[in-house]
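Have the viewer open as you read.

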Amino acid sequence: MAKDSSSSQTAPISRSRFPYQDATLSVDERVRDLLGRMSLEEKVAQMLCIWSAKASHLFDEKGSLSLERLRKHLRHGIGQIARLSDSRGGLTPQEMMELSNAIQKFFVEETRLGIPVVFHEECLHGLAARQATSYPQAIALASTFDPDLVQKVFAAVAEDVRMRGAHQVLAPVVDVARDPRWGRVEETFGEDPYLVAQMGLAVVRGLQGDGSFEDGRHVMATLKHFAAHGQPESGINCAPANVSERLLRDVFLYPFREVVQKAKVASVMASYNEIDGVPSHANRWLLREVLRGEWGFQGFVVSDYYAITELYRRDEALSHFVAEDKKEAALLAALAGVNIELPDMDCYPFLVDLVKQGRLKEQVLDELVAQMLRYKFMMGLFDKPFVPVEPGRVELKLEADRELALQAAHEAIILLKNDGNLLPLQPKPGSTIAVIGPNADRVLLGGYSGTPKYCSTLLQGIREKMESRCKVVYSEGCKITVGGSWQEDVVRLPDPEEDRRSICEAVRVAREANVVVLALGGNEQTAREAWSKNHLGDRTSLDLVGRQNELAAA
């Protein structure tokens with residue numbers, strides 16, 4: 001029976017009093033003991049997360065951590081906090097260490113059972129945070145065909161994340177990309193299931209190490225997006241995957257199965273799309289029979305952001321309309337085997353009522369919560385919940401990681417053709433190089449990127465290398481989109497007449513040069529996750545956007 005939530009159930013217990021607090025016991029023994037002491041509300045709290053609510057639940061009006069608000073909103077604890085790094089406009093490494101420890105102190109010392117919280121972060125190609133190393137995008141890392149290098153990259157990423165106080169990363173993407181119009185292709189390791197699997201294994205081994213997490217330098221990895229997200233109908237993000245079961249298993253499930261069984265990944269994220277009419281977040285066959293039953297997955301399933309809500313309705317994005325309300329959406333997801341709702345508390349708070357109304361057995365929650373508690377114990381969060389705060393430690397590591405990032409960038413470069421052995425350029429003294437194009441003087445990091453301490457553009461790099469020997473001139477030529485950052489939701493197209501004037505200027509610049517370096521392509525708006533109705537990134541055509549073909553011809 002569910003325990004009540006009286007005042008006796010909210011007072012902190014004595015430290016080192018119960019078996020679950022005894023580090024000499026096995027993880028399974030500790031989980032069993034803790035679960036048996038939890039109230040219904042405390043169990044459901046472990047299935048919740050906050051992100052957009054951080055400002056109101058964690059901080060006061062001045063942006064300082066508020067214990068009063070924590071006590072009011074999170075007195076039963078909480079499973080996870082999303083992307084602590086983006087709090088208060090973006091935290092420095094030092095700020096994140098200090099804040100994660102302060103928040104963790106509340107959960108460990110002031111909640112009744114002292115269950116620590118997991119902080120998760122985005123790490124597609126490096127931690128998406130301030131002053132974090134940005135490595136080549138996943139599709140570029142795949143082109144290295146070097147799993148050992150990729151494992152080193154993500155071992156470095158894991159250490160950076162853990163040093164700042166976080167414990168789980170939402171990576172890697174092991175979707176097999178089979179429609180190039182889909183805006184998320186850059187997040188994948190390509191179209192070949194074997195290559196995707198090998199890269200996925202390398203990433204998870206880099207992030208998780210040997211899976212014991214004993215050294216405090218590794219984090220829980222999250223395979224995503226399960227499943228068949230990489231060939232959406234018409235290339236539209238979140239559209240249905242219309243594939244047979246044979247194709248599903250041979251192509252789209254293969255990388256997931258390989259990584260689950262060979263690398264013991266901690267977590268899997270369900271996908272936004274539907275397969276054969278069943279949304280993944282409500283798909284018992286996919287999450288229970290295949291993932292857990294056939295493959296023996298022992299970790300936990302996280303929802304994609306707001307995807308449980310989308311089983312019902314979310315006006316600004318995809319909606320499946322398979323649930324009559326948010327309560328039924330929670331019921332469908334829990335029965336399917338989704339352990340935790342990310343990133344905010346929207347549907348899963350209704351789990352308390354569902355159990356009390358007899359619509360959901362509490363044993364279902366016990367199973368889902370136990371799988372997450374197990375990893376909190378494995379991560380050592382009950383015994384060593386805090387991260388060492390050592391000023392300058394992360395900065396020293398980031399300096400050391402620059403060499404690895406450069407190596408990865410060098411190995412990711414693809415040269416399609418080199419007519420007449422033009423490359424590498426050997427300009428004569430006094431000659432002129434024209435660097436032209438909308439991507440010539442842009443920092444292009446791609447989606448899910450942080451803000452690295454050091455950035456460069458093609459133009460800056462050529463000037464740095466060549467200006468002592470020759471003249472370097474520049475013209476933008478035309479625009480792809482106005483602004484063009486990944487964070488800008490609305491895509492604004494440039495004025496055609498302004499572009500044509502810029503093309504004329506580029507031709508003038510090119511005429512005075514001995515060689516032209518022309519930088520064309522896309523930007524972070526023309527290929528990205530189309531996660532809402534005004535944040536689009538899928539394509540109907542692979543043609544160059546705007547007047548780039550006119551620029552090249554001119």
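## Ground rules

For sorting residues, Ala, Val, Leu, Ile, Met, Phe, Trp, Tyr, Cys and Pro count as nonpolar, Asp, Glu, Lys and Arg as charged, and the others, Gly among them, as polar. This is a predicted model, where local features need pLDDT of at least 70 and side-chain atom pairs count only at pLDDT 80 or more, while totals for chains, interfaces and linings use all residues. Residues are numbered from 1 along each chain as its sequence is written, and side-chain values use heavy atoms, with hydrogens and water left out.

## The space inside

Searching the whole structure turns up three cavities of 30 Å³ or more. A cavity here is a set of points, on a 1 Å grid over the protein atoms alone, where a 1.4 Å probe fits but cannot get out. Grid points are joined across faces, edges and corners, and a volume is the space filled by probe spheres set on the points.

The largest cavity holds about 80 Å³. Its lining, meaning residues with an atom within 4 Å of a point, is made up of Q46, G79, Q80, V118, Q168, M220, F300, M372, Y375 and K376. By type, that gives five nonpolar, four polar and one charged. Helix α15 (residues 362-378) is the top contributor, with three residues; helices (H or I, at least four residues) and strands (E, at least two) are DSSP runs, numbered from the N terminus.

## The parallel sheet

Four strands make an open sheet in the order β1-β2-β3-β4, with parallel pairing. β1 (49-50) and β4 (168-169) are the edge strands, each with a single partner, so one side of each has no neighbour in the sheet. Pairing requires at least two DSSP bridges between two strands.

Strand β3 (residues 118-121) and β4 run parallel and are joined by two bridges. Across from E121 you'll find V169 in β4.

Which peptide bonds are cis? The one from K224 to H225 is, with omega near 5 degrees, and H225 sits in strand β5 (residues 222-226). The bond from L342 to P343 is also cis, with omega near -5 degrees; P343 belongs to the loop between α13 (326-336) and α14 (351-356).

Positive phi turns up in non-glycine residues too. R88 has phi near 50 degrees and lies in the loop between β2 (80-82) and α5 (93-110). A228 has phi of about 60 degrees, in the loop between β5 and α9 (245-252). R88 counts as partly exposed because its relative accessibility is 44%, whereas A228, at 4%, counts as buried. Buried means under 20% relative accessible area, exposed over 50%, and partly exposed in between (1.4 Å probe, protein chains only).

Terms used. 1 Å grid on protein atoms, 1.4 Å probe; cavity = no way out; pocket = protein on both sides within 12 Å on 5 of 7 lines; lining within 4 Å.
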